[in-house]
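I opened this entry to look up two things.

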Amino acid sequence: MAQRNFWGWGLEAAAFSDQQLEELRALFAMRFGDALAARAISPPRLQDLALPASRLQPPASLEGLLSRTPYERAAHTYGKAFRDIVRGLQGDFSVAPDWVAYPESEYDLVALMDWAAGAGAAVIPYGGGTTVTGGIEPRFEGGWKAAISVDMSRFNRVLEVDPISRAAHVQAGVYGPALEEALKPHGYSLRHYPQSFEFSTLGGWIATRSGGHFATRYTHIDDFVESLQLLTPQGKIETRRLPGSGAGPSPDKLFIGSEGILGFITSAWMRLQDRPQFRASATVRFTDFLAAAEAARLLAQSGLYPSNCRVIDAQEALNNGIGDGRSNLLLLGFESADHELDAWMRRALEICRECGGQVAEGSGKTVRTLQGERKGAAGTWRDTFLRAPYLRDALTRLGMVVETFETAITWERFPSFHDAVVRAVQKAAAEVCGGCLLTCRFTHVYPDGPAPYYTVIAPGQPGSQISQWDEIKAAASEALITHGGTITHHHSVGRDHRPWYDRQRPDLYAESLRAVKTTLDPAGMLNPGVLLPEQ
Ligand SMILES: Cc1cc2nc3c(=O)[nH]c(=O)nc-3n(C[C@H](O)[C@H](O)[C@H](O)COP(=O)(O)OP(=O)(O)OC[C@H]3O[C@@H](n4cnc5c(N)ncnc54)[C@H](O)[C@@H]3O)c2cc1C
């Protein structure tokens, strides 16, 4: 089986080759000149890693579930944010978990939690490890005697498909591709495609409230959860399968987004959708970014619900090979399992034209489509989108600072908010890196506002990349919070966003969440430091 990269994204075999790195260097040298590092950073070799000694001896009854090979420990140390990749490249795995556990049943999970509680160890629920906010990293303030990373990948079955109510009961450790493969023979799809789809799990999506690829309506994991099962140190909670319920505050909503601090999500009943049969897409060009944003607003409020409504600024379009660097793009798409889409697309393009958009020739027609088939700018965009995390690793090896951050804001504040964020980031990047490429796109649009997603690419200094990024990120986060946005729209809070999340959420709400945590996890051993300060 292809091995996952222990220091970076995806599969080892899919990483950029040395020759591709040099081609990249030449490309970016045109923009950043001598500021690029002279030599690419070489990835560490597993046999050279100096991992801290594992501090805990398990009882014989659990040995079969546990591993502490250097590969397993290293691969479970960090998520996949830029700062994780840099530390991985430096061979710094100083906070590696003492053990990695692979439970197969709830019985195993109970035994693991009992052992950890007795030993004073912290327990970290681990899905696919693609967190970008330090969500699975054994980084604690408290005096935990050890850390056990509990990998849910053996909870990997689709247990039942209900074709009448169009839902499936799925175990939490199923990865995106395996889930879609299992649903395909039934003609269904979860239709939830985060960029990290290939390497992330259902449990991780639910625990982080992940956002899918589609721009409007049913795209967030929140929308698809019909009920779920959570195993806590105090026992099991199983919510009722219902299409809707007005019976008090929703227990599902309490656990969706709980980021592993309240219990293990072991399975969930998920709402499904028919696989699309019709697809229509169009590319619209705008000379003005804010005009494109205005078109996206009107589309989001039109009731047309495009599956794709992605505003991409001119620089980002250029970076992705779908623009000339002058035009801002709006990629528009509709999908349906049931009907032709020409009428929807016609009206959507009218809206775009009214806002000054120029529709690319030949686009906008409904095609009967095979699953996965996409052409034109949307197809190119999708391919680049999936390759982007490998590119980020390669740029990191070239000593660059390359990372994203995201948020959401209401429409009436967007122009001034965007302006303030761009200024703050450019100022910080100029101070610590001498400048940067800063791009913006909308990942999601709602009737009341967009979710802007920013990418920063800057020449860094090998050895200082993390501190350089930390300064830029702090400036960005400060601007997001000060100007009324959220610290995260879909990347979750984890450990890294906590300082700003602590300011964003009401204090009395934090106390309520703390009370729930204390009830379900009295020892506070589940993912300490995530969402709430450690006690
Ligand atoms: C290149 C890249 C692209 C990304 N694209 C997107 C995107 O498009 N949309 C998006 O929303 N996010 C995206 N992310 C962020 C990340 O993929 C999501 O947060 C994802 O939902 C994490 O899933 P995972 O299975 O990898 O979980 P992990 O990273 O393993 O865990 C994330 C958090 O969930 C908890 N957790 C995991 N499984 C369970 C469980 N069974 N029970 C309880 N808690 C659990 C962990 O303790 C941790 O706090 C991206 C990340 C990268 C690196």
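This is a predicted model: local features need pLDDT of at least 70, side-chain atom pairs count only at pLDDT 80 or more; totals for chains, interfaces and linings use all residues.

A polar backbone atom of Gly-211 sits 2.8 Å from a ligand oxygen. I then checked Thr-208, where a polar side-chain atom is 2.8 Å from an oxygen atom of the ligand. For Gly-204, I found a backbone N or O atom 3.4 Å from a ligand oxygen.

Next I looked up how much of the ligand is covered. Alone, the ligand exposes 960 Å², and the protein buries 97% of that.

I went on to the shell. I noted 34 residues around the ligand, with Pro-125, Gly-127, Thr-130, Ser-196 and Thr-201 the closest. Which element gives the most? I found that α6 does, with five residues. By class, I recorded 19 polar, 13 nonpolar and two charged residues in the shell. Domain 1 (34-54 + 62-151) and domain 2 (158-274) each supply at least three shell residues.

Then I turned to the sheet. I traced five strands in an open, antiparallel sheet, ordered β5-β6-β10-β8-β9. I noted an average twist of 10° from one strand to the next.

β5 pairs with β6 (residues 167-171) over four antiparallel bridges. I noted that Asp-162 has Ala-167 in β6 as its bridge partner.

Definitions and conventions
Residues are numbered from 1 along each chain as its sequence is written. Side-chain values use heavy atoms; hydrogens and water are left out. A residue is near a molecule or strand if one of its heavy atoms lies within 4 Å of it. A polar contact is a pair of N or O atoms within 3.5 Å; within protein, one must be able to donate a hydrogen and the other to accept it, and residues adjacent in sequence count only if both atoms are side-chain atoms. Accessible areas come from the Shrake-Rupley method with a 1.4 Å probe; for residues, only the protein chains shown count as cover. Helices (H or I, at least four residues) and strands (E, at least two) are DSSP runs, numbered from the N terminus. Ala, Val, Leu, Ile, Met, Phe, Trp, Tyr, Cys and Pro count as nonpolar, Asp, Glu, Lys and Arg as charged, and the others, Gly among them, as polar. Domain bounds come from an automatic or database domain assignment. Two strands pair if DSSP finds at least two bridges between them. Axes are lines fitted to C-alpha atoms, for helices over the stretch in contact, and angles run from 0 to 180 degrees between N-to-C directions.
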